[in-house]
Amino acid sequence: LPLLLHQQDPRLFASDPFVRAIDAFNPHRGYLLVLDLVTRPLGVSAGLFLIFVLTFGATCLGLDRLARGVWPEMPPGAGLVAIGLVLAAKAGNIGTNHLFEGMVLDRQIAFALGWLALAQLVVQPNRGRGLVMSAIGVATLVHPSAGLQLALVLGASWTAWCLLGRWTEVSL
């Protein structure tokens with residue numbers, strides 16, 4: 001928050017060495033841009049709450065769609081079970097990044113966009129490429145490392161599906 005508040009009013013935290021240390025190069029610039037766009041008109045508390053709700057909603061939507069797309073013969077509640085498992089999986093994480101955390105983080109926004117992109121790609125691999133690329137592009141802007149990892153995983157998967165196009169029915 002000090003970085004965001006300093007960005008909104010340079011007088012705040014002007015003498016803080018941590019805040020000033022990343023004036024020239026700030027890997028969180030995209031995340032701060034998103035936070036600024038939402039918190040400036042709504043205020044910090046309401047803006048952060050809205051971002052959390054949108055991130056949570058996007059994560060749940062992506063997981064639900066992915067579960068229903070992978071297991072279409074399962075009852076409609078299968079998506080809710082998948083969401084519950086991911087939310088409960090604090091020990092089941094990717095490195096140090098949990099699949100979901102109950103706070104507003106840049107990587108959570110990137111992962112939420114990644115779940116939406118992954119669901120689109122798995123459920124309808126021949127449609128929605130622009131949506132997938134846009135989601136991964138924004139994820140990379142918000143969290144460069146997570147966005148790059150998502151792009152590499154989805155790009156490698158897409159390449160494999162295209163190479164196996166005869167069986168996967170995915171074309172370039």
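A: The chain exposes about 10100 Å², of which carbon and sulfur atoms supply 71%; accessible areas come from the Shrake-Rupley method with a 1.4 Å probe, and for residues only the protein chains shown count as cover. This is a predicted model, in which local features need pLDDT of at least 70, side-chain atom pairs count only at pLDDT 80 or more, and totals for chains, interfaces and linings use all residues. Residues are numbered from 1 along each chain as its sequence is written, and side-chain values use heavy atoms, with hydrogens and water left out.

Q: What elements does the chain have, and what makes a run of residues a helix or a strand?
A: The chain has 9 helices and 0 strands, in the order α-α-α-α-α-α-α-α-α from the N terminus. Both kinds of element are DSSP runs numbered from the N terminus: helices are H or I with at least four residues, strands are E with at least two. The C-alpha atoms fill a box of roughly 60 × 35 × 30 Å along the principal axes.

Q: Why is Thr39 called buried?
A: Thr39 has a relative accessible area of 2%, so Thr39 is buried; the term means under 20%, with exposed over 50% and partly exposed in between (1.4 Å probe, protein chains only). Thr39 is found in helix H3, residues 29-42. Not counting residues up to four places away in sequence, Thr39 touches Leu4, Gln8, Val44, Gly47 and Leu48, where contact means heavy atoms within 4.5 Å. Buried residues make up 37% of the 172 residues in the chain.

Q: Why is H4 called oblique to H5?
A: The axes of helix H4 (residues 44-70) and helix H5 (residues 78-88) come within 8 Å and cross at roughly 125°. That angle makes H4 oblique to H5: under 35 degrees counts as roughly parallel, over 145 as roughly antiparallel, 65 to 115 as roughly perpendicular and the rest as oblique. The axes are lines fitted to C-alpha atoms, for helices over the stretch in contact, and angles run from 0 to 180 degrees between N-to-C directions.

Q: Which residues of H4 does Ile83 of H5 meet, and why is Ile83 called buried?
A: In H4, Phe56, Cys60, Leu63, Asp64 and Ala67 meet a set of H5 residues that includes Ile83. Leaving aside neighbours within four places in sequence, Ile83 itself is in contact with Cys60, Leu63 and Asp64. The relative accessible area of Ile83 is 10%, so Ile83 is buried. Ile83 and Phe100 are 17 residues apart in sequence and 9.9 Å apart in space, C-alpha to C-alpha.

Q: What makes H4 roughly parallel to H6?
A: The axes of H4 and helix H6 (residues 106-123) come within 8 Å and cross at roughly 25°. That angle makes H4 roughly parallel to H6. The H4 side of the contact includes Ile51, Thr55 and Ala58, and the H6 side includes Trp115 and Leu116.

Q: Why is H7 called roughly antiparallel to H8?
A: The axes of helix H7 (residues 129-142) and helix H8 (residues 144-163) come within 5 Å and cross at roughly 150°. That angle makes H7 roughly antiparallel to H8. Among the residues in contact are Val132 and Ile136 of H7 and Leu150 and Trp158 of H8.
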